[in-house]
Amino acid sequence: MVPFNLLVLVSVLYVVLLFLVAFAAEKRAQQGRLGWLRSPWVYTLSLSVYATAWTFYGAVGYAARSGLEFVTIYLGPTLVMIGWWWVVRKLVRIGRSQRITSIADLISSRYGKSNLLGVIVTLMAVIGTTPYIALQLQSVTVSFAVFASQTPQGWGVPDLRSTALWVAAGLALFTILFGTRNLDANERHHGVVTAIALEAVVKLVALLAVGVFVVWGVAQGPADILDRIDASPIATWEMNGGRWVTLLFLAGAAFLTLPRMFQVLVVENSDERHLTTASWAFPLYIFLISLFVVPIAVVGLAQLPEGSNPDLFVLTIPLSFDAEGLAMLTFLGGFSSATSMVIVAAIALSTMVSNHIVMPIWLSARRGGASMSGDVRTVVLRSRRISIGAILALGYLYYVFSGGGAALAAIGLISFTGVAQVLPALLGGIFWRGATRVGAIAGLVLGFSVWAYTMFLPSFGESVLMSAQMLAEGPWGIGWLRPQALFGITGLDPLVHAVFWSMALNTGAFVLGSLMSFPDPLERLQGAQFVNVFEHSGGARGWSGRAAEAEDLLVMAQRILGPEEAQALFQAESRAQGREGYLPDVTPDFIERLERELTGSVGAATAHAMLGQIIGGSSVSVEDLMAVADETAQMLEYSSQLEAKSRELERTARQLRDANEKLTELSVQKDAFLSQISHELRTPMTSIRAFSEILMDGKGMSPAEQRRYSSIIHDETIRLTRLLDDLLDLSVLENGQVTLNCQTANLHDLLERAITATASAETGREIRIIRDEAAENVSLQTDPDRLRQVFINLISNARKYCDAPEPELRITVRRRGDELRVDFIDNGSGIPKRSQEVIFEKFSRLSDQAAAGGAGLGLAICREIMANLGGKVSYLPGQGGAAFRVILPLSCRRAQAGNRQEGP
Amino acid sequence: MKPPAPLFLARRGYRYRRLTDAARLLPVLGAFLFLLPLLWGGGMTRSGVIYLFTAWIVLIILAAVLARLLAAHDARAREEGEGEAD
């Protein structure tokens, strides 16, 4: 028999060992010598908190009652872990990139850092976990009691309740010591994790030892065990398909959503690569845990007296065979399973309670006062410590009031179903960007209510929280609302019923709510970051950059992260921005990073709210986004207006520049014109003066000389007159003040007279004129005198300037519509291209060859006349000589109007 | 924005993709194996124990092999300074 003192001594020594291990690990971690603390094996072993006392003791009991069904509880997580590529990998990546501190934090952070969701999930987790903690306390006290009942002289029937109280208090102490030692930005607890890894080894070794003892000690090896299975009451067990599938699903779901599993799986994960090992090593662990469950159950059923509690076979079989050392090891194994679960669950829950319930209340209570007075770190840590105490107290109270009666397995499944309600919001959140806060709240609340109604409340037994009548007939006799037969569907297993309806309604409400609501900007940002975590781990920004004082931020960060860490963070940021000192520029990037650091300590919603207080709530809101969009649109519009204006200004400037150039040119032309005029006038005037002076004092001058000199004077005056006439004529023509005398005339006659006129002129050489008399016989409405003037000018030009040895001029007439084209083409060398543009300008003379010919106004006058007649004269290049084309209208277009006005 | 992924990968990238496919499909195989006993009838504890635990350990071995291959690929990719291709 094991004396009580020895049992207590061993337990205490074991607990001291755990403290020492945790302390040593914590110390190593502080010194930065993480080494094997961060090995994938420690991570894998820490996952074993899945196997609680419910597994250690309960699995055998479960197998004794329901055969192989117990194995579903371990097959479900196996599927999840070997399928890590789907969900676990993503969860871990999100957990690391978003600094997630708990499952409530994940849900809250995903759905726009909504604190309401955090509160809902936290409450659900507390309600779902409390019975489970009670279960662990119960298992420890019951195992104590087993030893007590074995003692014949008795060490007094131990007070079960006080044992439970001592255990709860001890666990609270351990958890507070190692779970709230530091407020780490990564929320990792090396001490706790290491102690739990040790416990995982102890419980595995203990169970394997019992298994080996049973298979090779009690029975004669595996073959004998198989025979005994056939002989045992569970041999005829048949698989219930509904329960099998439901339990597989439930165990897989709970593996992801249990707060303690989330804590070790995601939060305490220090390296994503550890998953590669854990993906097969953890299934192997639970495989080994389950391996001997059926043999132990079978042997227990056969060997132990009728009515023994199958939940305690693991302990009672070694005791009944007087293997006291083994029994002691088993006791420690069970103790380890219970304590590790309680410790991790208490840490996870206290984090959730403190981040999502206590801190928001504390923050809102402070809102009025001076911002951030006092040390937030102390507040956070104290609230966690109190939460741990409260959670264990709740567990203890639940244990006391539930009387510790129900079969362990039932409590486990109720708890599983409760926490599994988070699954739709969780999976929807990481795979579906359309999932919204409204949908998540609707799904969680509905699913949780259905769970409470169909499973949790009835579990207290008839007439405790639900009357027997209500269970049998439904509330107010409404059969459709019977808690275990909703909608009139009877005959379902209560567990299948509860899981089916709660998950179906939960998922339905979640999807429907998501489809019908519209998410916040922050929600959409977070949704994109979660769903696409592998594409971009940095990403969208939740803060618009309104100025916050870097100093205020530092003050706050110091209170949460601790002075050294906060200063290091700020200094690093300063350096990254290329400055000295501790105060960097407050950029949105920096706020983003700071928020993430704080999130690791106090959770997403609280960190967001705290920063919001300092920065003045300049977190992104719809209004902000709209305002930004508006501003952008306005700026775009404004800038396009500016562009249009500047284009217009440019155009105007160009016009002004052109006008200025034209004016300058005109002024130059005017000057040139004046100097030309003066020159043209001066030449004849000079000779007139000279010859008149000679005549004045012309004594002894022969009459022939006198006649010659006076005839020169006469010629020069005629030339002057003609020049002035031309100028006058040109000015009249240019101003459009000319009076045209429109008559019907024959082109042939006009040309005939023009040729005659030029032939009689004094200068000029003989020129052969080639004409087409038939074509010339056209009658037209025009001013004959003016037109003849043009012809004369063109013909005399040809006479003067044609440099061919046998000059000839071809005059062709062609009719095109109501226009006549008269071409004057000579066979000379023509006019060079360069000069073709200027020949119609005033005073343009191509050479001095015929200086006497005129002042260079002829073609200019021709052009003005033709313009007034409604036609045109132009140079026609490429004809083998100088060629001019006169285009004439058949009727007197412009002149008519003038005529009518002038006419009587 | 990322440039569009190439349509065809080099041999090793292709291997890696198929490995991840296998990693994704393994739980499907597991679910199939674990649900298969639904088709059986009658007292099945003995055969059930043998079958389920065999299937279980086979899955664990497959998962271990896949995990090792994936880790080896990752390590090699890390050495060559490539990003994770997914």
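1. In this predicted model, helix 32 of chain A makes a left-handed crossing where it passes helix 34 of chain A. Two packed helices are described by the angle between their axes and the distance between the axes. Here helix 32 (residues 784-801) and helix 34 (residues 858-869) of chain A pack at an angle of about 145°, and their axes are 9 Å apart.

2. Which residues make this contact? Helix 32 of chain A contributes R786(A), L787(A), Q789(A), V790(A), N793(A) and N797(A). From helix 34 of chain A come G858(A), C862(A), I865(A), M866(A) and L869(A). By type, the residues of this contact are 6 nonpolar, 4 polar and 1 charged. An α-helix has 3.6 residues a turn, so residues three or four places apart point the same way. That spacing is worth looking for in the two lists above.

3. Chain A as a whole has 35 helices and 7 strands. Of its 904 residues, 45% are buried. Among contacts in chain A with a separation of 6 or more, 80% join residues 24 or more positions apart.

4. The largest nonpolar core holds 218 residues. Within this core, I107(A), I296(A) and A297(A) touch the most other members. Helix 16 (residues 324-366) of chain A gives the largest share, 22 residues. At least three residues of the core come from each of domain 1 (35-366 + 375-408) and domain 2 (541-620) of chain A.

5. I296(A) can be taken as an example from that core. Leaving aside residues up to four places away in sequence, I296(A) touches V60(A), V210(A), G211(A), V214(A), F313(A), V314(A) and I317(A).

6. Why is helix 19 (residues 423-431) of chain A described as largely enclosed by the rest of the structure? The reason is that 8 of its 9 residues are buried. These buried residues are L423(A), P424(A), A425(A), L426(A), L427(A), G428(A), G429(A) and I430(A). Their cover includes helix 5 (88-97), helix 6 (103-110), helix 11, helix 20 (437-459), helix 22 (494-516) and helix 23 (521-531) of chain A.

7. Two residues deserve a check of their backbone angles. Most residues other than glycine have a negative phi, and most peptide bonds are trans. K113(A) is not a glycine, yet has a positive phi of about 50°. D322(A) is not a glycine either, and has a positive phi of about 60°.

8. Where are these two residues found? K113(A) is in the loop between helix 6 and helix 7 (115-150) of chain A, and D322(A) is in the loop between helix 15 (313-320) and helix 16 of chain A. Are they buried or exposed? K113(A) counts as buried because it has 28 C-beta neighbours inside 10 Å, whereas D322(A), with 9 such neighbours inside 10 Å, counts as exposed.

9. Chain A also touches chain B. How many residues does each chain bring to the contact? Chain A brings 33 residues and chain B brings 29 residues. On the side of chain A that touches chain B, helix 4 (72-82), helix 10 (222-231), helix 11 (241-257) and helix 13 (274-291) each supply at least two residues. Helix 13 of chain A has the largest share, 8 residues. The residues on this side of chain A are 22 nonpolar, 8 polar and 3 charged.

Key: Residues numbered from 1 in each chain as written. Chains lettered and ligands numbered in written order. Predicted model: local features only at pLDDT ≥ 70, side-chain atom pairs only at ≥ 80, totals over all residues. Contact = placed C-beta atoms within 7 Å. Helix = DSSP H or I, 4+ residues; strand = E, 2+ residues; numbered from the N terminus. Nonpolar A, V, L, I, M, F, W, Y, C, P; charged D, E, K, R; others polar. Buried ≥ 20, exposed ≤ 12 C-beta atoms within 10 Å, placed from the backbone. Axes fitted to C-alpha atoms, helices over the stretch in contact; angles between N-to-C directions. Left-handed = near helix turned anticlockwise from the far one by under 90°. Core = buried A, V, L, I, M, F, W, Y, C linked by C-beta atoms within 7 Å. Domains from an automatic or database assignment.
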